[in-house]
Amino acid sequence: MNTPKISAMREHRFDTTTLSALARQHASVPLRRAGVLTELVIVGVASILDGQPDMPTMLLWGSHTGIITAGNRLVSCIEFAREPVFPFDFLASQPIVAAIALKKSFPCIENALYQPWPDDVAVHWQRAQTLATVWLRAGRCARVICGQVEPDETGNDEHIGRWQMLRA
């Protein structure tokens with residue numbers, strides 16, 4: 001196999017209400033207490049897979065600020081007792097939880113890997129594309145979806161997802 005085909009970068013920007021509604025529309029399982037990270041991943045994957053044939057797919061995704069934002073929200077809730085915090089709130093903040101909803105909603109996804117990443121966005125994309133290329137050359141899948149999701153941390157109510165697909 002030669003160099004994989006890389007799709008154009010897709011970028012999505014959603015407010016909290018729209019993101020939540022779209023995620024629930026695309027998920028085939030209830031998204032109880034789903035965090036913004038999970039919602040961004042579901043909506044991004046749904047947009048990439050829309051109209052695509054069913055074939056073995058891997059997902060590589062990461063976030064620079066997502067875990068920090070989710071953690072800060074939980075800590076501020078505990079610290080200022082704005083709302084009760086339950087163990088499920090902590091679980092919903094974990095990126096791997098998205099894999100459960102993804103697998104049930106998109107059966108073609110065989111593996112989902114979360115990668116925390118450095119300040120340099122280019123390094124994240126290069127690392128994701130390199131790993132995707134290795135998987136494709138090894139025949140582990142027919143396509144790899146790579147993504148970056150960033151929940152709003154500025155108070156502007158704008159959550160961002162960026163997505164590419166690599167195909168053999």
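Tutor: Tyr-114 is buried, with a relative accessible area of 18%; buried means under 20% relative accessible area, exposed over 50% and partly exposed in between, for a 1.4 Å probe and protein chains only. The model is predicted, so local features need pLDDT of at least 70 and side-chain atom pairs pLDDT 80 or more, whereas totals for chains, interfaces and linings use all residues. Residues are numbered from 1 along each chain as its sequence is written, and side-chain values use heavy atoms, without hydrogens or water.

A search of the whole structure finds one aromatic pair. Its members are Trp-61 and Tyr-114, in an edge-to-face arrangement with 4.8 Å between centres and 65° between planes. Rings of Phe, Tyr and Trp (its six-membered ring) pair if their centres lie within 6.5 Å; planes under 30 degrees apart count as stacked, over 60 as edge-to-face and the rest as tilted. The pair links distant parts of the chain, Trp-61 in strand β3 and Tyr-114 in strand β4, 53 residues apart. Trp-61 counts as buried because its relative accessibility is 2%.

Strand β3 deserves attention next. Helices (H or I, at least four residues) and strands (E, at least two) are DSSP runs, numbered from the N terminus. Seven of the seven residues of β3 are buried. In a regular strand the side chains alternate between the two faces of the sheet. Thr-57, Leu-59, Trp-61 and Ser-63 point one way from β3, and Met-58, Leu-60 and Gly-62 the other way.

β3 pairs with β4 in the parallel sense over seven bridges, where pairing requires that DSSP find at least two bridges between two strands. Gly-62 stands opposite Gln-115 in β4. β3 also runs parallel to β5, joined by six bridges, and Leu-59 stands opposite Ile-145 in β5.

Leu-59 and Trp-61 are among the residues with the most contacts inside the largest nonpolar core, which has 28 residues. Such a core is a set of buried Ala, Val, Leu, Ile, Met, Phe, Trp, Tyr and Cys residues joined through side-chain atoms within 4.5 Å. The elements that each supply at least two of its residues include β3 (57-63), β4 (109-116) and β5 (143-150), while α2 gives the most, with nine. Leaving aside neighbours within four places in sequence, Val-45 is in contact (heavy atoms within 4.5 Å) with Leu-59, Leu-102, Phe-106, Ile-109, Ile-145 and Trp-163.
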